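Colleague: Let's go through this model together. I'll ask, you answer.

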Amino acid sequence: MNDWPEGFSGDNRGSRYGRGSSSAQPESARVMRQVRRGPAASPGQAGYGGGVPPQPSYVDGGGYGPGDGYDSGYNTGQVYGSPGGRGPGGPGDGMYEPRPAPNWRRRIKVTAITVVTLLVVTSVGTYFWADSKLNRDVDLSKVIERPEAGEGTNYLIVGSDSRKGMSAEEKKKLHTGSAEGKRTDSMMILHTGGGAPTLISLPRDSNVTIPSFKGSDSGKFYPNTGRQTKLNAAYAEDGPELLVRTVEANTGLHIDHYVEIGFAGFANIVDAVGGVEMDIPQDIKDTKSGADLKKGKQTLNGEQALAFVRTRYALAGSDLDRTKNQQKFLSALANQVATPGTVLNPFKLYPTMSAGLDTLVVDKDMGLFDLASMFWAMKGVSGGEGKSMNMPIAGNAANGNLQWDTVKVKTLVNQLKNDEQVTVSGN
């Protein structure tokens with residue numbers, strides 16, 4: 001005897017979904033029994049104590065017959081929370097709309113535009129920052145009786161012994177002494193043009209005639225008296241403007257730009273690029289410059305580099321050998337600055353630019369592109385694409401200074417003016 005209410009017998013369980021069922025219908029469609037609660041049955045009505053009303057048959061899986069007006073929501077395929085009844089068996093036959101494929105062409109385009117914009121903004125900002133740091137203190141318009149300009153560009157590059165901004169500790173470390181004022185420690189002419197660059201050292205002991213000139217500060221005219229002295233004395237007497245005037249008057253070559261760097265700036269640039277590799281031709285020990293270097297390849301830091309380019313007393317050729325070492329080192333330094341490891345590394349590039357631009361003194365017409373062209377040409381000299389030489393020397397003058405070979409100098413200057421390959425050799 002079955003005491004369960006009608007509809008709960010084993011024969012009325014529909015298709016027997018649930019455990020053990022082999023039906024292909026999904027578990028989610030399993031029938032849930034509905035208990036319809038209503039008013040209590042009257043005494044004598046079938047059931048347990050009359051408290052549970054008779055239940056309808058669940059044969060149709062709905063729990064109620066047609067017209068009942070009650071929809072349990074089950075067994076219809078509807079997935080709650082999905083508009084339009086989408087889901088298994090519903091419209092669209094899927095739970096979500098398929099996501100559109102990413103537009104990679106548009107993404108690449110936007111990324112490229114963003115990167116280019118950042119590069120342009122950074123480059124422009126760097127340019128104006130660097131341009132503002134140039135010390136344009138030399139006015140070449142004050143130089144009188146100038147020779148006509150030739151083909152190409154001529155830079156007068158000067159290394160001064162300026163100790164401006166150096167502490168007592170730095171002067172001691174770099175063996176610079178504490179002399180007041182500043183003098184030229186090295187002078188070079190760099191010619192750039194359509195062909196290979198040429199770098200020419202002008203020994204500081206070169207014998208020159210001081211020409212007529214106007215004082216750079218006073219504007220007073222000083223006539224030519226035929227006075228002969230060392231080339232570096234011109235700088236000591238009236239600064240860069242008189243030095244340019246003297247070089248032009250004694251060579252006939254027009255100087256387009258002037259670049260000067262002091263002791264501290266030179267050492268700082270070398271340290272900023274992480275040192276410069278040099279092949280030292282011989283052991284060098286000089287107490288005056290502080291040089292104590294062994295023969296062979298090695299990387300020089302700022303202190304060692306400054307001592308190397310200043311050494312002359314420990315060299316057989318004295319100032320002539322020193323100028324050769326200066327050429328080699330400056331070319332190697334320019335080559336190091338122009339490497340991708342420096343240019344593409346902001347942690348090296350900006351400190352290097354800052355160290356150099358803070359201490360460089362240039363003429364008023366000098367721009368960053370002119371400066372970059374100069375460094376690029378010096379890099380070419382280091383790479384063997386150009387020529388480096390000393391000004392041709394004939395011997396000693398009566399006053400003991402180095403006398404230029406006037407015939408060779410004239411040929412050299414004509415070749416530079418016409419931007420021709422230099423065939424003249426120096427000492």
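Colleague: Which residues does Phe308 touch, not counting those up to four places away in sequence?

Modeller: First the ground rules: this is a predicted model, where local features need pLDDT of at least 70, side-chain atom pairs count only at pLDDT 80 or more, and totals for chains, interfaces and linings use all residues. Residues are numbered from 1 along each chain as its sequence is written, and side-chain values use heavy atoms, with hydrogens and water left out. Contact means heavy atoms within 4.5 Å. On that basis Phe308 touches Met278, Ile280, Ile284, Leu293, Leu300, Asn325 and Phe329.

Colleague: Which members of the largest nonpolar core touch the most other members?

Modeller: A nonpolar core is a set of buried Ala, Val, Leu, Ile, Met, Phe, Trp, Tyr and Cys residues joined through side-chain atoms within 4.5 Å. Buried means under 20% relative accessible area, exposed over 50%, partly exposed in between (1.4 Å probe, protein chains only). The largest core has 45 residues, and those touching the most other members are Phe266, Phe308, Phe329 and Leu333.

Colleague: How many residues are in the other core, apart from it?

Modeller: Its members include Val158, Ile189, Ile200 and Leu412. The count is 31 residues.

Colleague: What is the plane angle between Phe266 and Phe329?

Modeller: Rings of Phe, Tyr and Trp (its six-membered ring) pair if their centres lie within 6.5 Å; planes under 30 degrees apart count as stacked, over 60 as edge-to-face and the rest as tilted. Phe266 and Phe329 sit 5.4 Å centre to centre and are tilted, at 45 degrees.

Colleague: How far apart in sequence are the parts that this pair ties together?

Modeller: Helices (H or I, at least four residues) and strands (E, at least two) are DSSP runs, numbered from the N terminus. Phe266 lies in helix α4 (residues 263-272) and Phe329 in helix α6 (residues 319-337), so the pair links parts separated by 63 residues.

Colleague: Is Asn401 buried or exposed?

Modeller: Asn401 lies in the loop between β16 (393-396) and β17 (402-404). Its relative accessibility is 7%, so Asn401 counts as buried.

Colleague: Which side chain makes a polar contact with the side chain of Asn401?

Modeller: A polar contact is a pair of N or O atoms within 3.5 Å; within protein, one must be able to donate a hydrogen and the other to accept it, and residues adjacent in sequence count only if both atoms are side-chain atoms. At 3.1 Å, the partner is Asn207.

Colleague: What is the phi of Ser318?

Modeller: Ser318 lies in the loop between α5 (302-310) and α6. Ser318 is not a glycine, yet its phi is positive, at about 50 degrees.
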